[in-house]
Number of protein chains: 2
Amino acid sequence: MNSTPAPPRTEPSSVSLERYLRAVHYLAGAQIYLRDNVLLRKPLRAEHVKDRLLGHWGTCPGINLVYAHLNRVILRDDLDAMLITGPGHGAPANLANLYLEGSLREFYPELTHDTVGVEKFVREFSWPGGFPSHLYPGIPGTIHEGGELGYALATAFGAAFDNPDLLVACIVGDGEAETGPTAAAWHGTKFLDPMESGAVLPILHVNGYKISNPTISGSMSDDELHALFTGYGWQPRFVKGNDLSASMAVGMDWVLGEIRGIQRAARSGEPIAQPRWPMLVLRSPKGWTGIQELDGKPVEGSFRAHQVPVGDVKKNAEHLRLVEDWLRSYRPEELFDEHGAPKADILACCPRAQRRMGCNPHAFGGRLRRPLHRPPLAECAIEIRGKKRGEPEEGPINILAKYLAKVVVQNPSNFRIFSPDELMSNKLGGVFEAPTQRNYQWPIEGDDRAEHVGPRGGRVLEICRSSF
Amino acid sequence: MNSTPAPPRTEPSSVSLERYLRAVHYLAGAQIYLRDNVLLRKPLRAEHVKDRLLGHWGTCPGINLVYAHLNRVILRDDLDAMLITGPGHGAPANLANLYLEGSLREFYPELTHDTVGVEKFVREFSWPGGFPSHLYPGIPGTIHEGGELGYALATAFGAAFDNPDLLVACIVGDGEAETGPTAAAWHGTKFLDPMESGAVLPILHVNGYKISNPTISGSMSDDELHALFTGYGWQPRFVKGNDLSASMAVGMDWVLGEIRGIQRAARSGEPIAQPRWPMLVLRSPKGWTGIQELDGKPVEGSFRAHQVPVGDVKKNAEHLRLVEDWLRSYRPEELFDEHGAPKADILACCPRAQRRMGCNPHAFGGRLRRPLHRPPLAECAIEIRGKKRGEPEEGPINILAKYLAKVVVQNPSNFRIFSPDELMSNKLGGVFEAPTQRNYQWPIEGDDRAEHVGPRGGRVLEICRSSF
């Protein structure tokens, strides 16, 4: 991340941000329900509704809130930022943002900002040949599989390594937070050197419910969550309350200040020992701003908002009315002009060109690929001719280790070894013939008790994982 | 666990405990090194040493300390207790305790308490046809695979469910603590009803090093560990300092008091909401009491103590002397009589019969197996004859759910459903046709926001896991 913010640019006003949020909430809800009349220019009728309702509304408003505020600070500070969306089943939210910022149009030229384009965009969600209901790397800006809960946070760390100017925001849903891979990945900052790598900004999105069950995080008090993440080594800050957008604005600004402080210290040669990175805990109602109640039972703020909040829409006139009232509550007529184009102040909330999170080159591996220099294999050849039967030779893993040591030397900022079962245990200790070590940011006892480990410059990362 | 301690029995004196610890430390070290002269009645010579040295010394002393103090309270309070040893590569420690308490002899009658028995016992470790270097369920008292790091804590919870009088102690090594499965399993108390299930007592053993690298927990301050486990919902207490046995005694007594308080409240009909169970964090030097130094570098308290602390013993006279001096430091001549039998006061530190952790019936599934009542399949048959082609039928998973609902009813304390990917998502919601629910001990918001979940009586446990 740029350690000094660029001169202030046009930061969207809170009025425009509120309108932007209404637009992406609307588009997310519309994608789940509508195949026609997608801007509700006419009264909603059953034939405007998709035959098969698919999608997950519950997590969408939180994703939108994060996306909008990341856009805000990207615009203001000219940030190089990308987003890993752990709850990738909330694809309607990401798609809505990608549509508005124009990233989709880079790949789907027909998704224009007009009536034809928006009709096609909304209909294409969960539609044969259209966009899937979960994120996957085929969606611009996405580098992980959003249907596989557990890996978002580790993926975010992977994206930040060796990209010092990159901010990798990562939404961790409170369902995903229950998984083992995520529970272990919170230790990631212990392996991230703020001098050579970028920042990971986790946003734990606590909306309290999974498909039908409360979440663990949702049942924990602020004190418990604060203790847990403090123990993991983070500085947690809560985004909550009646004005979530205002709270998110304050939280996001605080986060950037903390990140800049850590990075500035590291890069000025006076690194902070054991840096405590900032993170956000977003408490929002599940399906925030959605349908309030159905049949006397709450939908917003309950598990009922997880997927399609109200089903049986085509045959049940009451349900159809609920959906229409809800979608109209975003007042789409204020957000799109008569040609179906999003209003200018809403589009002005989006970053431009490669600053759009859907177009960040880091999300398109091929665009930033750097060649891996490989030493000639012959340098590591074993001469076997002339040896007698049974005469000892060097083991193949030892030779591999020597080869990898050369690769480390020739690719000083482009090659890392992730070692889930200990380099030494796997007989790859020869890697340390290179001037490298295991990078570790937390305190290590005296030099003679541990070897090949320290906070600066190591290309090896070791953390135990289960053998399975 | 018995909510009221039985009248005090013979609690071993601290003098005997110290001697017991010396005996098991000695036997653990001897197993790794010796094939002959195992009580060191003669000066140690190269031919007494095993040809291939295998085994992990580093974790052994900690396992011994835990085992000895569990024995102490089992004896004093007539506890029904078992031990899950996460660092199962420390098998020499468990085997030493199992030999002394006589559990091994139940299955290997030749492992007598005399010179012949102890010679055979020590030699058999990591020996063709003998005991393996890692625990596995073939070792008395063991119900998990000690070579697969990650699952010990979840296994301990599994053992405690529906066994209200059982105490399941679980050593979690600081290597294993880095794994995802363990990181998630700390939430286990949120699913354990102290009325119907037993207690899990985790002992996080922080000895600071893996095979060659510092551990994450070892690099965390007491404050960080305290915050982390408080956040998870535990009451952590540290066992550390110069007199580890005294600190462990105080810690173990405190633990039992806390457990009894939680269980007594739950079973008297006035359960403590959100019970905060006790746990211990044992900070010990790696390879505690072992060889101090080799070639000017520390062994005890460093990664060098992880496996065989000093190699090349048969050819290097200096190394041989180091091993002999170390083993003699336990003064085996004080611990075993002239017939090779452990002294009476040492044996008196062991519980008797089924109270021995190696003989606890809960560690032998077959001995406590209760029949699973299964309703006749015919009750859930689907009539397909007479149906027209394409006529809708009930899906097979729905039928399975109905069947499982009957199984739940017929096996009220003998059958649980562990649902890592949400019962509803897997279309098994029909299970809730039985009068059951998802058991969850932490606070749930108002009834109308979540269904089929609560702290009493539920036979379903849901926690998200990664799809992999």
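I looked up Asp162(A) and Arg416(A): their side chains form a salt bridge, N to O 2.9 Å (a side-chain nitrogen of Lys or Arg within 4 Å of a carboxyl oxygen of Asp or Glu). The model is predicted, with local features needing pLDDT of at least 70 and side-chain atom pairs pLDDT 80 or more, while totals for chains, interfaces and linings use all residues. Residues are numbered from 1 along each chain as its sequence is written, chains are lettered from A in the order written, and side-chain values use heavy atoms, without hydrogens and water.

I noted the division of chain A into domain 1 (14-366) and domain 2 (377-462), bounds that come from an automatic or database domain assignment. In chain A, 15 residues of domain 1 and 16 residues of domain 2 make the contact (heavy atoms within 4.5 Å). The C-alpha centres of these two domains of chain A lie 40 Å apart.

I then checked the interface of domain 1 and domain 2 of chain A. The rule finds five salt bridges across it. The buried area is about 1,400 Å², with 56% from carbon and sulfur atoms (accessible area, 1.4 Å probe, that two parts lose on being put together, summed over both). On the domain 1 side, Lys190(A), Phe191(A) and Gln274(A) lose the most area, together 44% of what that side buries.

Last, I looked up Asn207(B). Asn207(B) counts as buried because its relative accessibility is 7% (buried is under 20% relative accessible area, 1.4 Å probe, protein chains only). Leaving out residues up to four places away in sequence, Asn207(B) touches Gly58(B), Thr59(B), Asp174(B), Ser284(B), Pro285(B) and Lys286(B).

How values were computed. Buried < 20%, exposed > 50% of the residue type's maximum accessible area, 1.4 Å probe, protein only.
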